[in-house]
Protein chains: 2
Amino acid sequence: MPSGRKGSVPRGSNLLQAAQELGVELESICGGRQTCGKCQVIIESGHFPKHGLTSHPDHLSPPSPLESEYDQEHNLNGRRLACAAEILADVLITVPEESQAHKQIIAKEATQRFIEIDPAIRQVYVEVEPPELGDPRGEWERIALALEKQWSLQELTIDSKLLPDLQSSLRAGDYKVTVTLWQDKEVVRIQPGYSEGSYGVAIDIGSTTVVAHLCDLRTGDVLATQATMNPQVRFGEDLMSRISYINSEPQGFVRMNRMIIKSINELIEKATAKADLTPQDITDVVAVGNTVMHHIFLGINPTQLGVAPFALAIDSPIDLKARDLGLSIHLSGRVHLLPIIAGHVGADNVGVMLAESPQEQDEITLIVDVGTNAEIILGDKNKVYVASSPTGPAFEGAQITHGQRAAPGAIERIRIDPKTLEPRFKVIGYPQWIASGSNGLIPSEVKATGICGSGIIEAIAELFLAGIIDSKGHFLSTSADRSSRVHYDVGEAYYVLVDEQLSSTGSPIVITQEDVRAIQLAKAALYAGTKLLMDHRSITKIDRVILAGAFGTFISPYHAMVLGLIPDCDLDKVNAVGNAAGDGARLALLNKQLRLKAARIARTVEYVETPLATNFQDEFVAALNLPHASDPFPHLDGVLPLPTVEVQKKRKNRIRSKYRSRS
Amino acid sequence: MPSGRKGSVPRGSNLLQAAQELGVELESICGGRQTCGKCQVIIESGHFPKHGLTSHPDHLSPPSPLESEYDQEHNLNGRRLACAAEILADVLITVPEESQAHKQIIAKEATQRFIEIDPAIRQVYVEVEPPELGDPRGEWERIALALEKQWSLQELTIDSKLLPDLQSSLRAGDYKVTVTLWQDKEVVRIQPGYSEGSYGVAIDIGSTTVVAHLCDLRTGDVLATQATMNPQVRFGEDLMSRISYINSEPQGFVRMNRMIIKSINELIEKATAKADLTPQDITDVVAVGNTVMHHIFLGINPTQLGVAPFALAIDSPIDLKARDLGLSIHLSGRVHLLPIIAGHVGADNVGVMLAESPQEQDEITLIVDVGTNAEIILGDKNKVYVASSPTGPAFEGAQITHGQRAAPGAIERIRIDPKTLEPRFKVIGYPQWIASGSNGLIPSEVKATGICGSGIIEAIAELFLAGIIDSKGHFLSTSADRSSRVHYDVGEAYYVLVDEQLSSTGSPIVITQEDVRAIQLAKAALYAGTKLLMDHRSITKIDRVILAGAFGTFISPYHAMVLGLIPDCDLDKVNAVGNAAGDGARLALLNKQLRLKAARIARTVEYVETPLATNFQDEFVAALNLPHASDPFPHLDGVLPLPTVEVQKKRKNRIRSKYRSRS
């Protein structure tokens, strides 16, 4: 149990052998030496008519001396070590989950998807023949022989950096050692005696944030998560300004590379310390990042990614040694980078696809990961397309009059009363809605510092819903008559969101006509890219929307749709998944098959170069409107203000011209 | 010609294609692009009845524009580029040696053995598709595709350290690059454009001397040879004293490792400078050395090699990256170490076997490589045995009253007149024999400083031949009566080899009873080891003796045999081969198949541990006599002084006891 496998084995076989014979894989590090305690099983007692047998603990040999010793030290609680207990008569055995090899874990809390733990790194314990006079074989050759005899591992190599400590480890462990293997091909660590524990780190190198998940490679548990701001931010928020820095400063690139390596080393140091480990305990790393971060991490100058034709140095998955990158993990530790899809669609997007698996869905799924560029993934199990659309940094609060990065004090939620045009808002770090005039009711230190990305989205959408701006994004002169918050002059129009009393600067926080325009341009680029992929996939509607990345986590799907940032869709089917790229890296860390899968994904997904698409400009122009000049948004029915007379006229014209071209 | 291959090909085929079709392999780096000029052939003119055809240069297409350009720059001298010339009618083609792929070179001047040039490193020239908007493939992927299409190379990897310069190399060469491959598996260098030249270094790390041969990997030529004293000599002449140093000094081992790496880097720097190259041009290194040097080179503390059971950390051949050892060659350059046979039989001995191939001979060959330990290799194509015998450093001049290392001023040749007992000698650095009393005739600055290894051998042998010492190595009291050069007292006896006038110290240079004893012990160890292997091989005589190493180059085979340092053998069959270990490293550098062969040799040769052999002590004692207590030396018949009465008696007894045991 629980597999239900059943069979006869020779009397005297131990339970580990019996399980293997019946195709039930049990955990084992020590290889049946009654040492590691990983193969614990529960012996059922009683008559089991369904199984046609009577089972009793006495039907097994009594505990061996080694097993009793293990029991005393670790308390088996009535369980037996499968490698110790020999079968004397019928038994019914339950294999508890923790003793099953290839355990499954929930890949993502939200989605309840399971993945099998099958990391590239595993540990085995071996007993090695000691050297003898007259036996000229080296220590490594005797370790290799033990690995072949005891674990059927063949043609192994050993990382040359392990050779210096080989003999002392063997002697310290009295010729018993725990060997850590990479891909069952290369020995990457040798520890004296029985020494359980293999750990890895999944890293998502974002333009703004670098996140490291420290994982137990045997259980799949995340032992610590550590994040830091990408230190390159000081050379520019967006990737293009970093590339400019590299090109303008002679040592610029070398500095950037060193910075990112240093901050990853610090993350690993902190994460391992949290889990009472050291960086030396890490033998595997999986990293993802956008193409520029991927290249800088590898020591490749990303300049070519800044100019057409956006040539990548390499797009395949990469396996290399951590020391060759300067990563301070175990000296023989490995690094795997997920593949890249195209010049603007990086390993982070492959990570997203690994985590969200649009390529396995029946439903048409749209995934948008918004940063300086928006990466768009669209498709289902038949075909997936990806594109990158140049949204610019407006969604991140840049290029917005009072825009700022998401940080305490930033306005992240906004509501505008459609009748009074009075605003309410929420700032990061304070839980309650703040209304104009409420300054007496909230702590005096709560003041707004600016508007972050999610705030901007809501602000523009609310301005539209309240009829302050029209579907073309223009401030309506009439709205200035409705409220003193709206200022309307020729060439200058704005809405006062925060009065000076609630602003940390002492000046009002406003949303200007230029801000609206900036968001329109950004959202049009995103929408047009999405439409391009919908055209490639020959569909007119999508079933699900996944908002990936930090930005996606905080924006309101409703407001995003009102703006026409995403196409129309059932709002219940719009979900934010947070750092899906990091999730993908973690999955590839825990399961080596997923690395192959990532490579397949990168090869089979079709990349669409947006600037090459002939209809991109048309789509872009149509998408400037809120939510769109012509695409229907049935899920917003009754919510949106009526289109202006002018727009209605245009629509009629379009329908007429279509009719004409048909006839 | 000269292969004699013959056949029909479609009209219009070029000669390179035709050669490939007929199984004649021509050199080519550019892959048929009329660039490299490696496939030059000679077009025969006239009627050739044997071949049944009339050949004429006009039967080929006229030179192409590219070919004419090549001719102008490099002068083809009437030859054609096989990749340019198209066949229009019958032709007879001669492929000159330099255009043949897998050229053979003489492996060793002396033996006239040939080896095929087939290095682990090769260069190919490819033209790569430039990046294009809409084509998301990386530069590496396009290089890999070009290598597959143009050279049928598949599943290549690229060393990660090449990634940073990949894009600039491609651009500098306008997407034409010369790619250097290791084992047709890994790309280790990418140079812009067509860039001919791949080079490697063969290194023999001796206890005393480190030698580097810089080789052209395409032609097999040795471009420079550079030697230096092993800097570790300052911590002890012999290996055991170096191990003691390591154990007594906390930083001793790290220092030793750094020293040897540093001096190898200097050797490579000097050798490449001689050949107008830089260390960056080196992409492959093959190294050999005794087990202690091998371990220190790899960063492995050799302490275990100093105590029984003399456990090696690793004995297999090793492939690793030069940068992981700290070798300053090309950043992605490779290092190969030949395998080790046993705790005292190192990669240098495998090199010797690769160079001398006893395992392929019909004759029973004995190879002795004398240093602090003597390594003994004995066998033929049926079976080869190896052993190491603890001769101590006497043969190197240590432990000898006036012994010294071979250096200018050291006595290297000695003759003693059997009648007058007057000596003649030669010192290193002066070409003529010097006799006692000749001080007026030779330049005053020529003075003897001591006796080196080869001098000691001759001295003891001459003392024996002149009847000054007997076959047991004892000074004969009677000889003191024959010459004043012999001093004989109870407990003290010596022979004055150099009078004080000819000695640089102003004191006479003498050979004492203790010196004779030291050489007896050393030669007995060597001889006993040899006998042990002869016993294993079940033979009583050998056909050939090869003296390997610097020591072997200078000693007189005749005197060595008189001493009983080697068994009886036809003196014409005793040869010194110099640095055979270094030769072996060079061969493995030039031909990758020989690396596999070296691994086979190391696996199939049988190692005999001398201290374990029960009869070693008996053999040792019998071998203390000059030349031996009982073994016959028919090739010295009539040369040796008659055995003393005592020895004759012993021999009779032995013959009698043999007779008895038979009956």
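A: Let us start with a loop: Pro309(A) sits between helix 7 (291–297) and strand 16 of chain A, where helices (H or I, at least four residues) and strands (E, at least two) are DSSP runs numbered from the N terminus. The peptide bond leading from Ala308(A) to Pro309(A) is cis, with omega near 5 degrees. This is a predicted model, in which local features need pLDDT of at least 70 and side-chain atom pairs count only at pLDDT 80 or more, while totals for chains, interfaces and linings use all residues. Residues are numbered from 1 along each chain as its sequence is written, chains are lettered from A and ligands numbered from 1 in the order in which they are written, and side-chain values use heavy atoms, with hydrogens and water left out.

Q: Where does Pro627(B) lie?

A: Pro627(B) belongs to the loop between helix 17 (616–622) and helix 18 (645–662) of chain B. The bond from Leu626(B) to Pro627(B) is cis, with omega near -15 degrees.

Q: How is a sheet read, and in what order do the four strands of the open sheet in chain A stand?

A: Strands of a sheet pair through backbone hydrogen bonds, either parallel or antiparallel. Two strands are taken as paired if DSSP finds at least two bridges between them. In chain A, four strands give an open sheet of order 8-10-11-9 with mixed pairing. Its edges are strand 8 (121–127) and strand 9 (157–158), each pairing on one side only. Strand 8 runs antiparallel to strand 10 (residues 176–182) of chain A, and seven bridges join them; Ile121(A) stands opposite Trp182(A) of strand 10.

Q: Which helix packs on this sheet?

A: Helix 3 (residues 139–151) of chain A does, touching strands 8, 9, 10 and 11 (186–192) of chain A; contact means heavy atoms within 4.5 Å. The direction of helix 3 makes about 100 degrees with that of strand 8. Axes are lines fitted to C-alpha atoms, for helices over the stretch in contact, and angles run from 0 to 180 degrees between N-to-C directions.

Q: What is the order of the six strands in the other open sheet of chain A?

A: The order is 14-13-12-15-17-16, again with mixed pairing. Strand 14 (222–229) and strand 16 are the edge strands. Strand 12 (residues 199–205) and strand 15 (residues 282–289) of chain A run parallel, joined by seven bridges, and Ile203(A) has Ala287(A) of strand 15 as its bridge partner. Helix 6 (residues 252–274) of chain A lies across strands 12, 13 (209–216), 14 and 15, running at about 145 degrees to strand 14.

Q: How is the size of an interface expressed, and how much area is buried between chain A and chain B?

A: The size of an interface is often given as the accessible area lost when the parts come together. Here about 3300 Å² is buried between chain A and chain B, with carbon and sulfur atoms giving 58%; the area is that lost to a 1.4 Å probe, summed over both parts. Each chain contributes 42 residues to the contact.

Q: How many salt bridges are counted between chain A and chain B?

A: The count is two, a salt bridge being a side-chain nitrogen of Lys or Arg within 4 Å of a carboxyl oxygen of Asp or Glu. Arg323(A) forms one with Asp324(B), the closest N and O atoms being 2.7 Å apart.

Methods: Buried area is the accessible area (1.4 Å probe) that two parts lose on being put together, summed over both.
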